[in-house]
Amino acid sequence: MSEYQRGSEWRRWDLHVHTPGTIKNDKYTGSSIEEKWNTFYTDITTYIGDGTDIARNVVALGITDYLSVENYKKVLIDNRLPATVKLVLPNVEMRMYPLSKQSGINIHFLFDPAIVNDLDDRFFSQMSITYGGRTYTATKSQLIQLGRAVSSSVVDEDDAYKIGVGQFIPSFDSIKSIFDKDADLREKVIIVVSNGSNDGVTGAANHSCYFDSSSHVSDFDATRQAIYQFADAIFSANQNDIDYFLGKRADSPDKVIQKCGSLMPCIHGCDAHENSKIFEPDQKRYCWIKADPTFNGLKQVLYEPEQRVRISELIPEQKPDYYVIDRIEFKDTDFQTQPVVFNDKLTCIIGGKSTGKSILLHNLALAIDKKQVEEKISITNTNTKVVDKLKVYWADGSISSDASNDTIHKIVYIPQTYLNRLTDEKEEKTEIDSIIENIVLNNQVVKKVYEETKEAIKAYKPELDKAIYDLLEKHRELGEIDSKRKELGNKPGIEAEINKLRAQKEQLSKALSLSENDIKSYDEAVSKVSQLTRQITDLTNEIDNINAISSLVVAKDIDYPFSKNTMTEINQVISKAIEAANEVWLSAKKTIIENINVIKLQKEKELSGYIQTQESLHDRVQGNKAIIELTDKIKLESEKLGKLIEMDNQFKEISKRANVLLEQVVDSMAFYAKQHKKYADAVNGNTDLSTDDLVFSVGYPFRKEAFLEKLKHIIDNRTLKKIINLDDFSAEDYSKQNVYSIVTKILSGELPLVKNNTVESALRIILADWYNTTYSVKMDGDTIDVMSPGKKALVLLKLLISLANSKCPILIDQPEDDLDNRSIFDDLIPFIKSKKKDRQIIVVTHNANIVLGSDAEEVIIANQNGKNSPNKEYRFEYRSGSIEDDKPVMGADGSPESGILNSQGVQQHICDILEGGKKAFDLRKQKYRI
């Protein structure tokens, strides 16, 4: 397998290290050159250690000297660097005209080690200067001759060589001409110009100051721009320089490209000339490069000058281990036993049709979150091979597997065609609504309002249920009273009957010498005795009932998950509150009973007077049988009238309470609307919610179709159509007046219910929450409901990736199937590049632009064994590496290992497998250049 299976990772590089014996300013410790070298190697080994300290594990060196690669060659021959140092590059440093502030401009040439033995012929011998009428090249022998020509008294060859090196300052044009003539050599070198106050391109000024619009442009403007356009990178750790050459300061990226030929990375090194400076630049401004430690890896910083290099003390873009999938291991005999590893940033899985790309991603997701995968697959209706006995290892050491239920880790999984399928949903609340809801609820202000409204609705529903129950109970009581009233008769009829009986009794009384007043007094006394006796009994019952009430307050059930200590404190407060309330009730109860007793005593006094009147007239009135009979009839009718009057009063009181309850339950629609509006206002008025060019909003439309459908199932449609227009019913028709009318007519029986529906169930349905919380998102002025399918899919992808504050991994299967080309270029690729810094992204794709435009840190090539694409051993095999990996996998014998995956580099596989791969590589190289 390839040495760098995880692809491009942040590693420390130091591309500016001088060695003992460097031609200028050698301050290394040692009494001899051999001792200096021994100490040099020892200090490097001590500094790096075993390589486990990332901040000290320098994996690539630029062995630097002036116009020479001899010390570079010695380092290779000595082979004494730690094994963790994977790359040693020759860095040729030199000066050139025009002069900077104090000397020639400092320039570095980082050559591909593969051509180091050709440099004498193709580079050093091609440069020349003229001195004393003679031309000298930069080969060692010619530099010695130049030194002696400059200083004829010098005898020692090494001294002459150093003088010659110091005097060899060719012109910029002569250097440039070498590479103009040798295009292959230009491909094998990275040219870096220095940025120093004395020897940089801009002399005393920083690069950024030179290009700043407020600075004065010197007479050498054209030459300086030509030098920048010739160079590939800048030696600088100055943040102003870094930002300027990335187009983040006074000049835009396009302006920088116009002036400098490209956006340019800034790299840095220790520039060590002594032991204490080895790998320790000032202020610990270490150079981190995200690439394989190869020359081709280093070239990636030219194509991605912002993404691939950082100057900082700490390793960039580190993620918590619990958010990073490390690898997956198969036990299935169809799959390779070697783990498939993943980069912590962007991993792209590529391959031909049916090569195992989606199988890998699907089973990776399935092992971590089976429920999510099954839910989403049910939407896409895709069928992917399920592999048993696999394990997913996380960077923190935890394991997810098909045999376990992973409740610790979270992922976002987006299967093939999922985005487009989501846009086809026609439900009242779609998956899109759920996705947006989860995002907006990340905002704590919105979440608080959401929880408040949710709790308010939750608390209100039992109140509404009780009000509906009480309303029905009152209507039942009204029905009973009405039935009893009908049994007793009607008030005018009873009053007429009493008057008739009294007239008959009056005629008889005259014959018996009973005065009209006597008869009236007796009849009134009989009636009042009956009425007052009943009232006194009712008052006595009230006193007994009040005495039976020991407390008016009960503790509220609390279902929040409070801690034991908090719950204890709350219970203590409840106990004190109930105790205080009981004391108030005990005092009030005494007063209430005293007031009732006052009324009772008054009625008992009245009763006593009427009893005396009744008894004083009783014998005379009872002396006549006819009068007695008439009296009994009058008494009976009077009692009926009294009961009827009481029932009328009771009916009025219950009707009054029923009307209050009716208003209360019909007001439920206003309550629900108010709660939904409160939440919608919290979202729509929150400016902090907009992110990634997305603007969120919430509505609360009336669910007309669902409401009408329910009405049709509970009320006889023929009758229903008489009160509402079912064909033209609108949200405006869902008014208090119409709901009130429907409810009252159901209660009265004017709207007969369909079989199996009760009045209670009908009211619960009609008075339910018929508002829907709907979510919308806007991008570039378009709401999601009017976007093109490609743009809508892109927005959904952004939403899913933005989902939750979690930084969990994102697994996407062929997003390009849901997007158009413009969306891929203009939106998807920049979005992935920005998100991969914070979240691990694993993408299956057949689009070369996603792989290269997003600068995938790792590429996994999938292959299923076939006649024209044989694997080394298994049916499904995977090869992984970086974009810069351009070499086949070599075996112990020095030849490529068997199997199509090992036969060539990752770059070549990208070009072969992905349509437009070669063009995408060229586009990537030119993206930030003229």
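Is Arg122 buried, partly exposed or exposed? I began my notebook with this residue and found that Arg122 is partly exposed, with a relative accessible area of 22%. I note at the outset that the model is a predicted one.

**Entry 1: Asp118 and Arg122**

I looked up the partner of Arg122 and found a salt bridge with Asp118, whose closest N and O atoms are 4.0 Å apart. Asp118 is also partly exposed, as its relative accessible area is 33%.

**Entry 2: Arg186 and Asp232**

I then turned to Arg186, which forms a salt bridge with Asp232; here the closest N and O atoms are 3.1 Å apart. Arg186 lies in helix α7 (residues 183-187) and Asp232 lies in the loop between α9 (221-230) and β8 (233-235), so the pair ties together parts that are 46 residues apart in sequence. I looked up the accessibility of Asp232 as well: it is buried, with a relative accessible area of 4%.

**Entry 3: Glu663 and Lys736**

I next examined Glu663 and Lys736, whose side chains meet in a salt bridge at 2.9 Å, N to O. This pair links distant parts of the chain, with Glu663 in helix α21 (residues 625-666) and Lys736 in helix α25 (residues 736-748), 73 residues apart. Glu663 counts as partly exposed at 32% relative accessibility. Lys736 counts as partly exposed at 37%.

I then looked for salt bridges that share partners, and found that they join Asp118, Arg122, Asp182, Asp184 and Lys188 into one network.

**Entry 4: Lys319**

Where is Lys319 found? I located Lys319 in the loop between β11 (309-311) and β12 (325-330). Lys319 is buried yet has no salt bridge. The nearest side chain of opposite charge belongs to Asp344, 4.3 Å away. A salt bridge requires the nitrogen to be within 4 Å of a carboxyl oxygen. I also checked what else the side chain of Lys319 reaches, and recorded the backbone oxygen of Lys836 at 2.9 Å.

**Entry 5: a charged patch**

Which residues form a negative surface patch? I listed Asp156, Glu157, Asp158 and Asp159. Asp159 is partly exposed, with a relative accessible area of 40%. A patch residue must have over 30% relative accessible area, and the value of 40% for Asp159 is recorded here for that reason.

How values were computed
Residues are numbered from 1 along each chain as its sequence is written. This is a predicted model: local features need pLDDT of at least 70, side-chain atom pairs count only at pLDDT 80 or more; totals for chains, interfaces and linings use all residues. Side-chain values use heavy atoms; hydrogens and water are left out. Patches are made of residues with over 30% relative accessible area and no salt bridge: like charges are joined within 9 Å, nonpolar side chains (Val, Leu, Ile, Met, Phe, Trp, Tyr) within 5 Å. Accessible areas come from the Shrake-Rupley method with a 1.4 Å probe; for residues, only the protein chains shown count as cover. Lys and Arg count as positive and Asp and Glu as negative; His and the chain ends are not counted. The place of a charge is taken as NZ of Lys, CZ of Arg, CG of Asp or CD of Glu. Buried means under 20% relative accessible area, exposed over 50%, partly exposed in between (1.4 Å probe, protein chains only). Helices (H or I, at least four residues) and strands (E, at least two) are DSSP runs, numbered from the N terminus. A polar contact is a pair of N or O atoms within 3.5 Å; within protein, one must be able to donate a hydrogen and the other to accept it, and residues adjacent in sequence count only if both atoms are side-chain atoms.
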